[in-house]
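Let us learn to read a protein model, one feature at a time. Have the picture open as you go.

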Amino acid sequence: MFRLFKTLNRLALIKATIAAVLTIALVLIGSRNLQNFDPALIAYLIGTVFAIFGIAYRYSVWIQRPPTKLYWRRSMQFLFSKYFFPYLWRSTKLFFRNILFQRFIAYRSRTRWFGHFMLATGCLLAFAITVPLTFGWIHFVLKPGDETTYYALLFGFEAGSFSLGSPLAFIAFHGLVWCSVLVTIGAVMMMKRRFTDGGLIATQSFENDWLPLILLIAISVTGLGISYDYTFLEGKTYQFMAVTHAITVVLFLVWLPFGKFFHIYQRLAQLGANLYKTEGKRRGMATCPHTGKEFATQTHINDLKKVSKELGFNYDKEGGRNHMDLSPEGKRSALATAHLKARKEGGKLFG
Amino acid sequence: MPETNYDQEMAFFVDMQRCIGCHACEMACAECETNGQESMIHVNYVDREKSPQTTVQVCMHCEDPTCANVCPADAIHQDEFGVVHSANTSRCIGCSNCVLACPFGVPKKMEEAELMMKCNMCYDRTSAGKKPMCATVCPSQALFFGTKEEIERMRPDSEPVNSFLFGQQEVNTKVNVMMPKGTHQLIIP
Ligand code: HEM
Ligand code: SF4
Ligand code: SF4
């Protein structure tokens with residue numbers, strides 16, 4: 001037990017606990033002391049609180065690594081500088097383009113982007129619908145005397161109403177069905193690549209690459225099953241559908257902090273990396289002493305020298321130089337030059 | 001990683017003095033399925049104004065890879081055979097830390113795709129017991145993939161070296177560079 005505590009990361013544990021407690025507090029406030037909480041969703045609630053704990057823990061451990069910490073610190077420093085507004089605007093644009101729409105994947109391949117976009121959009125929309133429902137933040141009620149108008153309660157306050165059978169009701173109650181369809185199409189497209197692409201076949205693994213896709217499809221199919229059941233089977237298979245769906249979703253939530261799905265929130269760092277480059281360019285570029293060309297920002301090179309030392313690498317050379325002052329091409333040439341010299345000294349140029 | 005037939009008797013031997021700058025390896029590299037038609041190998045003039053010398057560079061698959069250490073996204077993975085893989089496509093945030101930190105100048109950043117890609121020793125081929133594409137086409141054996149006995153027979157006056165000194169930093173690698181007999185380290189001043 002003692003050993004376990006030693007290997008656990010204390011700072012991360014504290015942050016994760018705060019995140020979990022804060023979530024529970026918001027659930028209590030938002031659902032008016034559980035008045036608006038739907039008891040049928042208890043398994044989902046526990047799963048979500050666990051996921052938030054796990055995500056906060058993993059994220060915190062992750063940003064303690066020297067290179068990650070540096071990016072984190074720099075992103076904050078550059079954002080909250082005198083260029084706050086232009087940088088905020090730029091980051092917001094990129095948030096839509098690269099995070100919500102993941103457009104950069106299209107440069108890897110259009111079908112890859114389309115498949116992922118379907119899968120991610122379905123999943124993000126589903127989060128947006130289910131999380132507030134699970135937490136009791138959104139709750140629908142009928143008022144006595146009026147059997148056809150639904151009132152939506154947001155954090156316990158009335159936030160709107162719609163009549164049964166209206167288009168809004170249709171969207172609200174079938175939103176998750178559309179999400180499942182998007183996720184299934186996306187996941188099947190991604191799966192197809194894994195059957196046919198030689199590079200993926202050689203490097204993929206079951207738990208890191210196949211399981212996430214299988215799990216997403218399982219969640220979608222069992223979710224669609226619930227809807228199919230009450231629409232066409234009059235709820236005859238409800239128990240089975242509801243239980244299998246809950247199991248797959250809870251598995252997903254519990255796994256969210258660890259495996260492939262870590263990238264969903266880890267990728268926000270992409271915005272930081274972009275800001276880092278933009279501000280770095282403004283501060284000035286580094287020129288390679290070998291090629292005489294600009295190849296990176298000077299801030300980046302200076303930071304990397306520091307970070308690599310922290311990680312136990314020291315590329316310092318005689319005369320205050322450092323191997324990292326060279327561009328990639330400069331480094332390749334330096335190696336070839338040293339090799340030619342050694343070959344000349346050895347007397348046989350071609351071995 | 002899935003089941004493989006990776007042959008640990010086989011190794012990579014590079015002799016950049018033998019590179020004639022023909023770019024055949026570049027064409028072959030683009031055939032490798034793990035990098036989807038993008039060529040990862042580097043062929044460049046060393047000092048174009050003064051000499052026709054060219055050099056060729058594959059990933060050296062460092063024992064303690066600088067690239068993976070400086071990656072803020074934990075996107076670079078070294079497998080049980082010591083092969084250092086190309087960036088994990090869902091994790092890499094395209095920050096270029098690895099591009100700028102690798103002492104051999106190997107990783108490439110695909111700007112638009114926000115992804116680092118690099119040589120992974122043709123893992124689709126080597127994991128099936130085949131040779132990397134580049135080594136199968138190199139006409140001058142600047143790139144050679146085979147057993148230690150084979151290379152000793154071919155180059156009796158040379159020594160495979162897998163230790164490098166960049167200033168203060170020693171880097172040991174899986175890939176060898178052919179050096180004069182009796183050399184133990186290539187020192188890059
Ligand atoms: C909740 C939403 C998301 C889910 C369920 C999800 C799921 C997945 C899955 C299963 C894969 C692996 C596909 C495969 O190779 O077989 C993947 C890849 C990827 N994801 Fe996501 N993702 C989500 C959101 C995001 C977001 C918001 C981003 C932001 C940029 C993102 C970026 C990526 C990237 C870059 C890849 C690699 C794609 C490739 O190169 O083929 N994902 N995602
Ligand atoms: S040669 Fe460069 S890219 Fe290859 S493993 Fe070493 S540090 Fe990484
Ligand atoms: S470019 Fe990608 S693989 Fe390279 S250090 Fe940055 S995140 Fe890691």
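Predicted model: local features only at pLDDT ≥ 70, side-chain atom pairs only at ≥ 80, totals over all residues.

Q: Which protein donors does the iron atom of ligand 1 have?

A: Start with the term. A donor is an N, O or S atom within 2.8 Å of the metal (3.2 Å for Na, K and Ca); water is not among the atoms, so sites may look incomplete. Here the protein donors are A:His116 and A:His263, each through NE2. They lie 1.9 to 2.0 Å from the iron.

Q: What is the geometry of the site of the iron atom of ligand 1?

A: Six donors count as octahedral if opposite donors are over 155 degrees apart and all others between 65 and 115. The iron atom of ligand 1 has six donor atoms, with angles of 80 to 179°, and its site is octahedral. Helices (H or I, at least four residues) and strands (E, at least two) are DSSP runs, numbered from the N terminus. A:His116 belongs to helix H6 (residues 110-134) of chain A and A:His263 to helix H11 (residues 263-266) of chain A, so the pair ties together parts that are 147 residues apart in sequence.

Q: Are A:His116 and A:His263 buried or exposed?

A: Buried means under 20% relative accessible area, exposed over 50%, and partly exposed in between (1.4 Å probe, protein chains only). A:His116 has 15% and is buried. A:His263 has 13% and is buried too.

Q: What surrounds ligand 2 and ligand 3?

A: A residue is near a molecule if one of its heavy atoms lies within 4 Å of it. Ligand 2 is surrounded by 14 residues, and the closest are B:Cys59, B:Met60, B:Cys62, B:Cys67 and B:Cys102. Ligand 3 has 13 residues around it, with B:Cys71, B:Cys92, B:Cys95, B:Ser96 and B:Cys98 nearest. Next, sort by class. Ala, Val, Leu, Ile, Met, Phe, Trp, Tyr, Cys and Pro count as nonpolar, Asp, Glu, Lys and Arg as charged, and the others, Gly among them, as polar. The shell of ligand 2 has 11 nonpolar, two polar and one charged residues. The shell of ligand 3 has 10 nonpolar, three polar and no charged residues.

Q: How many cavities of 30 Å³ or more are there, and what lines the largest?

A: Work on a 1 Å grid over the protein atoms alone. A cavity is a set of points where a 1.4 Å probe fits but cannot get out; a pocket is an open set with protein on both sides within 12 Å along at least five of seven lines; lining residues have an atom within 4 Å of a point. Points are joined across faces, edges and corners, and a volume is the space filled by probe spheres set on them. There are six such cavities. The largest cavity holds about 110 Å³. It has 13 lining residues, with B:Cys29, B:Cys119, B:Met121, B:Cys122 and B:Cys134 nearest its centre. Of its lining, 11 residues are nonpolar, two polar and none charged.

Q: Which residues lie nearest the centre of the second largest pocket?

A: They are A:Phe295, A:Pro328, B:Val99, B:Leu100 and B:Glu111, out of 27 lining residues. The space is about 500 Å³. The lining has 11 nonpolar, seven polar and nine charged residues.

Q: What is phi like at B:Cys122 and B:His23?

A: Most residues other than glycine have a negative phi. B:Cys122 has a positive phi of about 45°. It sits in the loop between strand S5 (115-117) and helix H4 (123-126) of chain B, and is buried at 8%. B:His23 also has a positive phi, near 65°. B:His23 lies in the loop between strand S1 (11-14) and helix H1 (24-29) of chain B, and is partly exposed at 30%.

How values were computed. Residues numbered from 1 in each chain as written. Chains lettered and ligands numbered in written order. Heavy atoms only, no water. Tetrahedral: all angles 85-135°; square planar, octahedral: opposite > 155°, others 65-115°.
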